[in-house]
Amino acid sequence: MNYLSRLFFPRKLSAAMKPLIAVVGATGTGKSKLAVDLASRFNGEIINGDAMQMYRGLPIITNQIPVEERNGIPHHLLSCVELDEEPWRVGLFKKECLRIIQEIHARGKLPILVGGTHYYTQAVLFNDQLVGDASVALEELDGQANGEPIEPSTRWPILNAPTEVILQKLRGVDPVMAQRWHPNDGRKIRRSLEIYFQTGRPASEVYAEQKRAKEGALTCNSSDGTGQLRFPTMFFWIHSEKEVLNSRLDGRVGVMIEQGLLSEAQLMWDYLREKQSKGIIVDQTRGVWVAIGFKELAPYLEELHKGTASPEELEALKRTCIESIRTATRQYSTSQIKWIRNKLWRALAAINETSRLYLLDSTHVENWSGSVTEPSEHLVRSLLSGEPTPDPKSLSEFARTILGEKEAKSREETDPGSETITCDVCKRTLANSEQWNIHIRGQAHKRVLKAAVRRAQREERIAKGIEVPKPAKVVD
């Protein structure tokens, strides 16, 4: 900690102050780097929230931050589970993580939780929540491998039925919600029925309870002002523009291959064969066996073991498997972003805490200091000093565009009876929720949104005299 740090920040946090920093975002956006930066700057310790990175001996497949890049910062729940151990369920992760956070606070230091398996981290960040639009049923997730939920349509096949069939079912269990939605609004009809299946209660009751809880959070928050959050938490959403991120992820897979990804996959394959030879069947649908990298390489390893394929055939199969890894990685990053946009945002909106979520643009890593380091340090300084924090949309044009759209959509979802809705991106006012629904799904709105994001990024780069960059690697 340098002289300036000591001047503005105490060496240890006061006993009464128990803040938490949560870093979320898609793989490859720089979550681990930001966590190390902040921990180094503010006397912090890092807690891993990625289920795969908990496994020992597989640093490449699980994409663990290299030791030399940790800057001597303690990393908890990283490389702590053996291959033959049972995968951690959400309940166990929550218990251990909360214990570690308490110990870090007791040392007067700042805990920084780095997300990965977002259902793990959400269980830690929030007190027991209402199920429904705001979150998922944590007790249900506790019985699932790695905290990843089963698709609702798999659990309740009627959700795959035509909209009119779902609506008929909804009328029988929740006539209030069935009356609220337009018969063609399949997404909302499906979601209302899904909430009924998840909770055993009509969605209309769940929403009413959420509304009361939100209003209560505004007037009757806990003494630390965090409502249903366990700690005074500041969220950093590290986000990169999709095309740039996909290119970065493709390049990272190539680097992982060079660093020994195939060797780690072979190690896992040999472990399975050894167990099989002893009559022990390993459940490959759980734990590290579903990690991106191993399952995609399994066909190649199988053929390699058989020894019947020609070198040319093996090489072609290997290239195909590696491409499958790239595809799976891109898909995983998309699912992580969806979690933030939907589950995390709704959970925060339900308790009126979206002002705690700050979006940082890591699209162009050569501008990391100006786009990520400086604003995040300023915000953490405000949190630790008890000073007011700015509106997240004021951070940058990029943040204003993305978060502004989320706020507009959230208002429409939580108040479907509102008369008019304004799209800040397109500068259009829609007469009702039905028109709004049509608008945000239209190609025109999507084109304007995409152009606005790119324009905001370009204007910020021009203002700072930054040239258009080439994609570069960022450690997740």
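Let's start with helix α2, where K31, S32, L34, A35, V36, L38, A39 and R41 are buried. Bear in mind that this is a predicted model.

**Helix α2 and what follows**

- Helix α2 covers residues 31–41, and because eight of its eleven residues are buried, the rest of the structure largely encloses it.
- Just after α2 comes N43, whose phi is positive, at about 55 degrees.

**Nonpolar cores**

- The largest nonpolar core has 70 residues, and the members that touch the most others are W237, V288, F294 and L344.
- Helix α14, spanning residues 311–350, is the top contributor to this core, supplying twelve residues.
- If you set aside neighbours within four places in sequence, L344 has contacts with V24, Q122, F126, F235, W339 and L357.
- Another core, made up of 25 residues, lies apart from the largest one; its members include L38, F42, Y358 and L384.

**Cysteines**

- Searching the whole structure turns up zero disulfides.
- C97 has a relative accessibility of 0%, so it counts as buried.
- C80 has a relative accessible area of 26%, which means that it is partly exposed, as this class lies between the 20% and 50% cut-offs.

Terms used
Residues are numbered from 1 along each chain as its sequence is written. This is a predicted model: local features need pLDDT of at least 70, side-chain atom pairs count only at pLDDT 80 or more; totals for chains, interfaces and linings use all residues. Side-chain values use heavy atoms; hydrogens and water are left out. A disulfide is a pair of cysteine sulfur atoms within 2.5 Å. Buried means under 20% relative accessible area, exposed over 50%, partly exposed in between (1.4 Å probe, protein chains only). Helices (H or I, at least four residues) and strands (E, at least two) are DSSP runs, numbered from the N terminus. A nonpolar core is a set of buried Ala, Val, Leu, Ile, Met, Phe, Trp, Tyr and Cys residues joined through side-chain atoms within 4.5 Å. Contact means heavy atoms within 4.5 Å.
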